[in-house]
Amino acid sequence: MPRTFHVIGAGLAGLSAAVRLAGAGYAVTVHEAAPHAGGRCRSYYDQTLGMVIDNGNHLVLSGNRATLDYLRTIGSADRLVGPPTAAVDFVDLATGQRWTLRPNDGRLPWWIFDAGRRIPGTVSFDYLPAARLMWASASQRIDAVLSCRGRVYERLLHPFLLAALNTEPPAASAALAGAVIRETLAAGGAACRPLIARDGLGAALIDPALRVLERQHGTICFGHRLRAVGIEGDRIESLDFGEDSVPLGPQDAAVLAVPPPVAAALVPELSAPTEFRAIVNAHFRLAPPADLPPLIGVVNGTVEWIFSFPDRISVTISGADRLLDAPREELAGLIWREVSQVAKLAEPMPPWQIVRERRATFAATPEQDARRPGPRTPWKNLALAGDWTATGLPATIEGAIRSGNLAAETIAV
Ligand SMILES: Cc1cc2nc3c(=O)[nH]c(=O)nc-3n(C[C@H](O)[C@H](O)[C@H](O)COP(=O)(O)OP(=O)(O)OC[C@H]3O[C@@H](n4cnc5c(N)ncnc54)[C@H](O)[C@@H]3O)c2cc1C
């Protein structure tokens with residue numbers, strides 16, 4: 001019998017595991033509960049706007065090496081676009097001040113000595129304390145390592161870390177923040193180019209992976225929700241999908257790449273994160289002004305990041321639990337006023353959509369980080385994947401893809 005690998009969950013963790021296993025010549029079957037792939041990173045047609053949008057704006061940095069490798073493998077490296085060198089525009093809504101942060105390409109950060117590249121009103125010495133995060137211990141919060149005050153914190157570290165950790169930075173894990181800084185800001189501007197899926201997440205990260213799997217004779221079963229795992233000794237012997245059950249041969253194995261509450265219900269005594277944080281996205285259907293940059297960081301507003309696409313302006317607000325119960329119209333109005341201020345628009349609010357992802361990511365606190373399991377389980381032929389497993393990174397595309405790769409390597413030995 002050929003060896004078959006079953007991958008449960010077609011989010012990025014499951015897809016990266018499936019692509020890696022299929023690429024190594026194994027037979028792969030992906031089981032996905034939803035009628036579509038992508039999980040928390042997907043595109044869909046929105047009736048209100050009459051266009052395809054993403055469930056949330058996703059930003060990747062050029063230092064996200066596993067993501068870029070994955071894109072090359074599935075043949076869509078050109079689908080994430082960004083400036084040739086690191087440059088991120090910011091606006092402070094309280095003062096109206098605008099600036100562009102321009103880290104130099106190499107590891108030696110001489111940009112902090114150049115007033116034209118750093119944040120206005122800062123001196124080079126102000127940037128040094130951030131380096132302490134890279135040596136923080138797993139139990140430390142950011143506010144135990146760093147003063148969460150001052151211009152560099154308010155205008156760079158707060159927006160950058162809030163976006164990366166999706167958790168209010170003072171209470172977030174300093175070690176996870178340090179890991180992000182080590183692989184991006186501390187690695188130089190070449191690792192900090194902001195990359196965006198201009199034609200949508202589906203076209204860049206999901207659909208090409210499905211095509212690769214199909215070409216490699218992989219099977220993808222949508223609407224196939226795993227209900228229980230049959231365990232016998234130190235192996236799993238069946239996957240129970242309710243209406244059908246799939247027996248596993250002696251060589252077969254599975255990667256469980258589902259969200260933490262689902263994994264915890266399927267796997268006995270699994271330690272997994274139990275707290276989550278929301279992300280709110282707003283989308284406005286209009287052609288952005290020609291001079292609006294593709295990405296702007298907003299300081300001192302409700303809005304945090306503004307993404308400009310050819311046919312719409314979209315906004316991201318991280319750690320957004322406080323906005324979950326806000327009336328939709330009020331929230332859209334508030335966000336539109338800030339977008340109008342930044343983009344210098346005078347027109348009335350265009351057609352809009354608000355998307356609230358309640359459990360966008362696990363809360364990146366030291367306590368929740370300590371609950372993340374590695375890819376191995378007590379069962380020899382079952383591995384875990386997902387952005388919530390112990391990747392050493394917060395819940396990101398990069399973490400999800402690395403976890404999928406690692407689970408595939410763990411299980412295929
Ligand atoms: C709004 C938003 C904005 C974000 N912004 C960014 C960003 O800018 N940059 C970044 O790097 N990351 C960002 N992220 C995080 C990123 O999307 C996630 O880290 C990543 O998509 C997680 O992938 P995953 O495969 O681990 O999990 P998921 O995408 O959750 O995949 C799990 C899959 O398992 C399926 N499933 C669940 N139960 C079962 C079952 N019983 N049987 C079979 N299948 C099942 C689900 O349907 C789903 O498809 C954002 C997330 C959100 C929600």
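User: In which hand does H1 pass H9, left-handed or right-handed?

Analyst: This is a predicted model, and in it the crossing of H1 past H9 is right-handed.

User: Which two quantities describe a pair of packed helices?

Analyst: Two packed helices are described by the angle between their axes and by the distance between those axes. For helix H1 (residues 12–23) and H9, the angle is about 40° and the axes are 7 Å apart. H1 is therefore oblique to H9.

User: Which residues of H1 and H9 meet, and how do they divide by class?

Analyst: From H1 come Leu12, Ala13, Gly14, Leu15, Ser16, Ala17, Arg20 and Leu21. They meet Ile397, Ala400, Ile401, Ser403, Gly404, Asn405, Ala407 and Ala408 in H9. By class, this contact has ten nonpolar residues, five polar and one charged.

User: At what angle do H2 and H9 pack, and how far apart are their axes?

Analyst: Helix H2 (residues 65–73) packs on helix H9 (residues 397–411) at an angle of about 70°, and the axes are 8 Å apart. Angles of 65 to 115 degrees count as roughly perpendicular, so H2 is roughly perpendicular to H9. The crossing of H2 and H9 is left-handed.

User: Which residues of H2 and H9 meet?

Analyst: Ala66, Thr67 and Tyr70 in H2 meet Ile397, Glu398, Ile401, Arg402 and Asn405 in H9. Four residues of the contact of H2 with H9 are nonpolar, two are polar and two are charged.

User: Turning to sheets, how do strands pair?

Analyst: Strands of a sheet pair through backbone hydrogen bonds, in a parallel or an antiparallel sense. An open sheet of five strands here shows parallel pairing, in the order S10-S2-S1-S14-S20. Its edge strands are S10 (219–222) and S20 (382–384), each of which pairs on one side only. On average, neighbouring strands of this sheet are turned by 15° against each other, direction ignored.

User: How many bridges pair S1 with S14, and which residue stands opposite His6?

Analyst: Strand S1 (residues 4–8) and strand S14 (residues 253–256) pair in the parallel sense over four bridges. Ala254 in S14 stands opposite His6.

User: Where do strands run antiparallel?

Analyst: One case is strand S11 (residues 228–232) with strand S12 (residues 235–240), joined by five bridges. Gly230 stands opposite Ser238 in S12. Another case is S12 with strand S13 (residues 245–247), joined by three bridges. There, Asp240 has Ser245 in S13 as its bridge partner.

User: How many residues lie between the strands of each hairpin, and which turn residues have a positive phi?

Analyst: The hairpin of S11 and S12 has two residues between its strands, and Gly233 in the turn has a positive phi of about 65°. The hairpin of S12 and S13 has four residues between its strands, and Gly242 in the turn has a positive phi of about 85°.

User: How many residues surround the ligand, and which are the closest?

Analyst: The ligand is surrounded by 37 residues, of which the closest are Gly9, Gly11, Gly39, Gly56 and Thr396. By class, the shell around the ligand divides into 19 nonpolar, twelve polar and six charged residues.

User: Which helices and strands each supply at least two residues of that shell?

Analyst: The helices are H1 and H9. The strands are S2 (27–32), S5 (59–61), S15 (276–285) and S19 (352–362).

Key
Residues numbered from 1 in each chain as written. Predicted model: local features only at pLDDT ≥ 70, side-chain atom pairs only at ≥ 80, totals over all residues. Axes fitted to C-alpha atoms, helices over the stretch in contact; angles between N-to-C directions. Parallel < 35°, antiparallel > 145°, perpendicular 65-115°, else oblique. Left-handed = near helix turned anticlockwise from the far one by under 90°. Contact = placed C-beta atoms within 7 Å. Nonpolar A, V, L, I, M, F, W, Y, C, P; charged D, E, K, R; others polar. Pairing = 2+ DSSP bridges. Near = placed C-beta within 6 Å.
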